[in-house]
Amino acid sequence: MHRHGLQAALNQVSRNVAAILGAVRAHYRGDVVLVSYYSLDYRDPAQVKQVQAINAALTQVTRRYHGKIADGFTAFRLASLRTGGDPCAAGLLIKLPAGGCDVHPTAAGHRVLTAALALAR
């Protein structure tokens, strides 16, 4: 993604999360925890950098609304270390019939994200 396109996406993420959390906070004062995005391939520095930028925007807005962030990014990275940083090969993402993986987590991926959520509380 070009720098301009990434910045536009980051701005949109920030606006969307602010709108959601603003609506939640209008009626709810309890704990709010968002899970950060994981990378689909930790071996790809460009993709990792984009995910980290999105997570930074997500974190900034979430903290403004007194929320917490569960570190899904690091949890998936650590869980995929045995495969050199490939969450698909680590069984964290749903396999596609034609090969490769979907963006959605498997049961194992869900367990990894749940553990990150438990640590954030």
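**Figure 1. Overview of the chain and its secondary structure.** The chain contains four helices and four strands, where helices (H or I, at least four residues) and strands (E, at least two) are DSSP runs numbered from the N terminus. In sequence order these elements follow the pattern α-β-α-β-α-β-β-α. The model shown is predicted, so that local features need pLDDT of at least 70 and side-chain atom pairs count only at pLDDT 80 or more, whereas totals for chains, interfaces and linings use all residues. Residues are numbered from 1 along each chain as its sequence is written, and side-chain values use heavy atoms, with hydrogens and water left out. Taken along the principal axes, the C-alpha atoms fill a box of roughly 45 × 35 × 25 Å. The accessible surface of the chain is about 7,300 Å², and 60% of this belongs to carbon and sulfur atoms; such areas come from the Shrake-Rupley method with a 1.4 Å probe, and for residues only the protein chains shown count as cover. Of the 121 residues in the chain, 36% are buried, a term that stands for under 20% relative accessible area, with exposed meaning over 50% and partly exposed the range in between (1.4 Å probe, protein chains only). Among contacts with a separation of 6 or more, 56% join residues 24 or more positions apart, contact meaning heavy atoms within 4.5 Å.

Figure 2. Leaving aside neighbours within four places in sequence, Phe 73 is in contact with Ser 36, Tyr 37, Tyr 38, Ser 39, Tyr 42, Val 48, Val 51, Gln 52 and Asn 55.

**Figure 3. Close-up of the salt bridges around Arg 43.** A search of the whole structure finds two salt bridges, each being a side-chain nitrogen of Lys or Arg within 4 Å of a carboxyl oxygen of Asp or Glu. In one of them the side chains of Arg 43 and Asp 41 meet at 2.8 Å, N to O. Arg 43 is partly exposed, because the relative accessibility of this residue is 47%. Asp 86 also forms a salt bridge with Arg 43, with the closest N and O atoms 3.4 Å apart. Asp 86 lies in the loop between α3 and β3 and Arg 43 in the loop between β1 and α2 (45-64), so the pair ties together parts that are 43 residues apart in sequence. Asp 86 counts as buried, because its relative accessibility is 14%. Through shared partners, the salt bridges join Asp 41, Arg 43 and Asp 86 into one network.

**Figure 4. Close-up of Ser 80 in its loop.** Ser 80 is placed in the loop between α3 and β3, and this residue counts as buried because its relative accessibility is 0%. Not counting residues up to four places away in sequence, Ser 80 touches Tyr 42, Gly 85, Asp 86, Pro 87, Ala 90 and Leu 92.

Figure 5. The torsion about the S-S bond of Cys 88 and Cys 101 is about 75 degrees, so the disulfide is right-handed. Cys 88 lies in the loop between α3 (72-79) and β3 (93-95) and Cys 101 in strand β4 (residues 101-105), so the pair ties together parts that are 13 residues apart in sequence. Cys 88 is buried, with a relative accessible area of 14%. Strands β3 and β4 pair in the antiparallel sense over two bridges, pairing meaning that DSSP finds at least two bridges between two strands, and the bridge partner of Lys 95 in β4 is Cys 101. The two strands form a hairpin with five residues between them, and Gly 99 in the turn has a positive phi of about 110 degrees.

Conventions. A disulfide is a pair of cysteine sulfur atoms within 2.5 Å.
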